[in-house]
Amino acid sequence: MTVEHAEQVVQHAPAPVSVAGTLPRDVTGFTGREDELERLTRTAGLGELVVIHTVDGMPGIGKTALATRAAHLLAPRFPDGQHFIRLHAHSLGQSPSDPSDALAALLASRGIAPQAIPAGLDERAAMWRDHAATKKLLLVLDDASGTDQIEPLLPASPGCLVLVTSRRRLIALDGADPMPLDTLPPDQAALLFTRLAGRTPAPGEDEAVEETVRLCGYLPLAIALLAGRLAHHPTWTITQFAAEFTAAQDRLGELEAGNRAVTAAFDLSYQDLPPQRQRLFTRLGIHPGDDIDAYAAAALDNIPLNQARRELRALYTDHLIDEPAPGRYRLHDLIHAYARTNAASDPGRHDAEQRLLDYYQHTSLHADTLTSSYTRPQTPTLTTPAPHAAPTLATQADGMAWLRTERANLIAAITHVKTTRQHNRTIVLTVGVTALLRQDGPWGQAAALHREAATTANQHTHPLDQANALNGLGVVWRLRGDYDNATTHLELALALYREIGNRLGEANTLNDLGILWRLRGDYDKATTHLEQGLTLHREIGNRLGEAAALNDLGTVWRLRGDYDNATTHQEQGLTLHREIGNRLGEAAALNDLGILWRLRGDYDNATTHLEQGLTLHREIGHRYGEANALNDLGILWRLRGDYDNATTHLEQGLTLHRDIGHRYGEANALYILGIVWRLRGDYDNATTHLEQGLALYREIGNRLGEANTLNELGILWRLRGDYDNATTHQEQALTLHRDIGHRLGEANTLKNLGTVWRLRGDYDNATTHQEQALTLHRDIGHRLGEANTLNELGTLWRLRGDYDNATTHLEQALTLHRDIGHRNGEAEVLNELGQVFTEARGPAAAMSVYEEALKIARALSLPLEGAQALEGIARCHAKTGNPEAALAGLREALTVYRRLGVPEERDAAGLLAELEGESLPGQPV
């Protein structure tokens, strides 16, 4: 062809046609994403700048579907054109589009002749901006590789909207509004599946749909592929299909159809990574847990910590991992399966796994040492090489925070090493979570882990490891309320420690047995074991164990009603904790002393110690101790009659227990709050809190907490006048206390059941229960319980009209309360004795008793006991012809009753109305 002929051809070629719309067809069965669609369409075409939205997310998340759907909804707002440009960052067999080529295609689609399109990128970008300057255009830039590919394509007109999809987070794209896509919510995922499958679930098939989309990780691509397969098999039921997919060994292999496959989508992203990042990503598939941080990643890939951080951030930018919490990274289930498949062919897989396990072993043992309340005997098994990088854990709070964060990973690691028969690692990793499991539970899981460790140690002839595991198992059984099992395992541990001559383990186990016998109500055995443990700790120079034994002995003496001996031991323990610089032990001892002063009726001293303990717990960052101190302060304010302050402290404690995930403390706070709401007269709120606490105790396997809460619910139902429900709950509590061998709980429940039978008018049954309770309190040496039961029996004999017997029991109770220094109990008995004297000896004899009760109540800031004494004095005045004094006393008492919201208000108000009526001439009574 001659040049002239060619020119003629060009001159006669048809002019390029302007194409206003190149959007692909709208998405069939598009489901969900309403919030995202609303956000994309809200700002379209508004403002003085080009609006740019970047939709990013992992492969198969539905980025293109969302952008396409939004573009179709927005198309009427952009009459000058809607263009869809595929940039092919991750297209099979294609290289990413060159922005210069993309500009040429855009300009050509706008009707610009090819020969008029300049050759250079900058010139093409300038022509595009000039062409779009007066237009209202919608651009969808799909599957972008990065900012450099996008920038030249952006128009400058404020009437334009650009939607960009990318597997990467386009951090460097200035002015863009990022929209990272997450997987679909379960309900939307289920709806997408049924729509694309063209099925309406038959009755009972909803669960099959839910399980199918869960196994797809709620990933739209995976759901679409499975639904498409089901759509082409009309004879299959959803249930059959779901069962087949659930049973599939290679679920990724099931998720493909033609040239569409989840694995292929992941392959393209993986191949785009540099080799070092590919290796780390592959090794993330080795990790047995749900998430990972930079320290674990550094161990896994044997790289410096800073490099691990950079690589994790890069993988996050590429949407191959998520960041559910700052510095914590997680793979989607299907991506994890993909990485695990790749890791199977990694020649460095074994070494990577061992480095990771070494890291978890070393760090968990260090954290456990910081958090444990005693020094654990060390064994050669516990020797673990230090990793290249590990977090700095300097305090108890540091150790507990790390253990709580890594809890799921540590449990997953233990499961993995058991499965792969790494016996020493099974033992060591279990030791590393001992303190955490004791404190946080669930104790059923803790028991299973310690049992496995004990069995493993026995099979491989590691007697010290076996003794440690048996000791841990015994403590867990104690926490669960199974005291027989606890005794068995602790005594086995004690025998084994003695057999191998490990005196530290022997001393620790004697302490643990002392605590156990205390809970079983055998205070003699408890004292014997704790004193033996104390002697042994002193002989071997273990001052931490000595301090702990002193504190535990103080608790036993407190329960025996010997508050002087209790105070001596607790203060010795406090001094020792301070001398060795154990601030956590110091804080715990202050808390115990606060409880002791509370029981002695010295609420000011109690408040001082508890607040000092609270401050110290906060200073050292021990949130668990802080929460417990708040609980104890709540109890103290409750006893002082300041229910607002009590509620405030307990709710703060409840929040803190929930924040740190301490479910046992949470249950305790709910239990105490239930009591406070009961005292405030809000029985509905009380019931709610107690039932929540009961459910939580049952969930974590704490039978003692369950029994105590059943007992308290019985008291609540009694106050509500539902004596059948009260009896049912307290009989359940009684059975449970007897099952676990908790004699103090058994005695308290018998006393409360006696009260219910008294209110039911069955004085014989009431007397039987109270006398059984009294015998039990005396058997276990619980003098406070003995005094309280004598008080109840005094009330019962008064109602039976036997004032001599009533007086005898009440005076015995009074003597006991005075002996043990329990002054608020003394005030309660004096008020009851006042009623007996009023009925049996007349108001003159009762007056002095009530006045003594009032004096104690005012000295101790006991508003309820003070109001009861005022009411008793007023009734005496009314009977001796002193109505003015009676009115003044009743009004003062009624003011307190109303502030507290207690049932006593009703009778006092009735008497006041009666007296006021009598004091006004002509006023009807």
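Helices here are DSSP runs of at least four residues, numbered from the N terminus, and an axis is a line fitted to the C-alpha atoms of a helix over the stretch in contact. The model is predicted.

**A pair of helices**

Helix α8 spans residues 206-215 and helix α10 spans residues 238-247; their axes come within 9 Å of each other and cross at roughly 30°. The crossing of α8 past α10 is left-handed. On the α8 side, the residues in contact are A208, V209, E211, T212 and L215, and they meet I238, T239, A242, F245 and T246 of α10. Sorted by class, this contact holds six nonpolar residues, three polar ones and one charged.

**Cavities**

Rolling a probe the size of a water molecule over the atoms shows where empty space is left. In the whole structure, the search finds five cavities of 30 Å³ or more. The largest cavity has a volume of about 90 Å³. Its lining is made of 13 residues, and V431, T434, H450, N468 and A469 are the closest to its centre.

Which helices each supply at least two residues of this lining? The table names them.

| Helix | Residues |
|---|---|
| α19 | 423-432 |
| α20 | 434-440 |
| α21 | 443-459 |
| α22 | 463-480 |

Helix α22 gives the largest share of the lining of the largest cavity, with four residues. By class, the lining of the largest cavity has five nonpolar, five polar and three charged residues.

Definitions and conventions: Residues are numbered from 1 along each chain as its sequence is written. This is a predicted model: local features need pLDDT of at least 70, side-chain atom pairs count only at pLDDT 80 or more; totals for chains, interfaces and linings use all residues. Side-chain values use heavy atoms; hydrogens and water are left out. Axes are lines fitted to C-alpha atoms, for helices over the stretch in contact, and angles run from 0 to 180 degrees between N-to-C directions. A crossing is left-handed if the near helix is turned anticlockwise from the far one by less than a right angle, and right-handed if clockwise. Contact means heavy atoms within 4.5 Å. Ala, Val, Leu, Ile, Met, Phe, Trp, Tyr, Cys and Pro count as nonpolar, Asp, Glu, Lys and Arg as charged, and the others, Gly among them, as polar. On a 1 Å grid over the protein atoms alone, a cavity is a set of points where a 1.4 Å probe fits but cannot get out, and a pocket is an open set with protein on both sides within 12 Å along at least five of seven lines; lining residues have an atom within 4 Å of a point. Grid points are joined across faces, edges and corners, and a volume is the space filled by probe spheres set on the points.
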